[in-house]
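Try each one yourself before reading the solution.

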Amino acid sequence: MTTLRLFSGWRAILGAATAVLLASCASPPPPPAPVVDVAPPPPVAKAREPEPEIVSHAVSPRDYRQDGARHIYSKNSHRIFKGRMPPLLQGVGTMQLHIGRRGEVLAMNWMRPPSHPGAKAEIERTVMAAAPYPAPIRLGGVVYTDTWLWDKSGRFQLDTLTEGQRSR
């Protein structure tokens, strides 16, 4: 029985020595990572669009119609018919204009095109050449309608600002 105890003791010592030997071969644990207080990145600022050069403070499409007509007149002062229009006009056309929030022309729709094809094309060109329109800052965008009164001389008035029409 003594031999058996001795053998068990040697086995325990041998096991402990093996464990110590294996533990000494292992690499030391890595040092803990330093705690760094990282602030969140600053929010990415959106590129600011430049402010529109001309703005409209209109609160309705009807109010904006005045601003739009004045703008077209200011861009075409040499083409505005002065005084009352003659009784017979070369063309009368009603156009709906879609203006974006920055005054850009988004669309133009003829509700009633002028019968004279030259007048129709010239009105469309005039509308596009007048862009950008006053930015409808209170409306965010606007759709308004105006009627073009076109004389055979190539001069015009808009119904919003017309001086009327002569009777015969």
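Contact here means heavy atoms within 4.5 Å. Keep in mind that this is a predicted model.

**Exercise 1.** Work out what covers the buried residues of H2.

*Solution.* Start by finding the helix: H2 runs over residues 61-75 and has 15 residues. From its first C-alpha to its last it reaches 21 Å, close to the 21 Å expected at 1.5 Å a residue. Next, pick out the buried residues in H2, which are Tyr64, Gly68, Ala69, His71, Ile72 and Tyr73. Finally, look at what sits over them: the cover includes strands S1 (55-56), S2, S4 (135-136), S5 and S6 (156-158).

**Exercise 2.** Decide whether threonine 147 is buried or exposed, and find its contacts.

*Solution.* First place the residue: threonine 147 lies in strand S5, residues 142-150. Its relative accessible area is 18%, and buried means under 20%, so threonine 147 counts as buried. Now leave aside the neighbours within four places in sequence; threonine 147 then touches Val92, Gly93, Thr94, Gln157, Leu158 and Asp159.

**Exercise 3.** Describe how S2 and S3 pair.

*Solution.* Take S2 (residues 91-99) and S3 (residues 105-112): they pair in the antiparallel sense over six bridges.

Key:
Residues numbered from 1 in each chain as written. Predicted model: local features only at pLDDT ≥ 70, side-chain atom pairs only at ≥ 80, totals over all residues. Heavy atoms only, no water. Helix = DSSP H or I, 4+ residues; strand = E, 2+ residues; numbered from the N terminus. Buried < 20%, exposed > 50% of the residue type's maximum accessible area, 1.4 Å probe, protein only. Pairing = 2+ DSSP bridges. Expected span 1.5 Å × (residues − 1).
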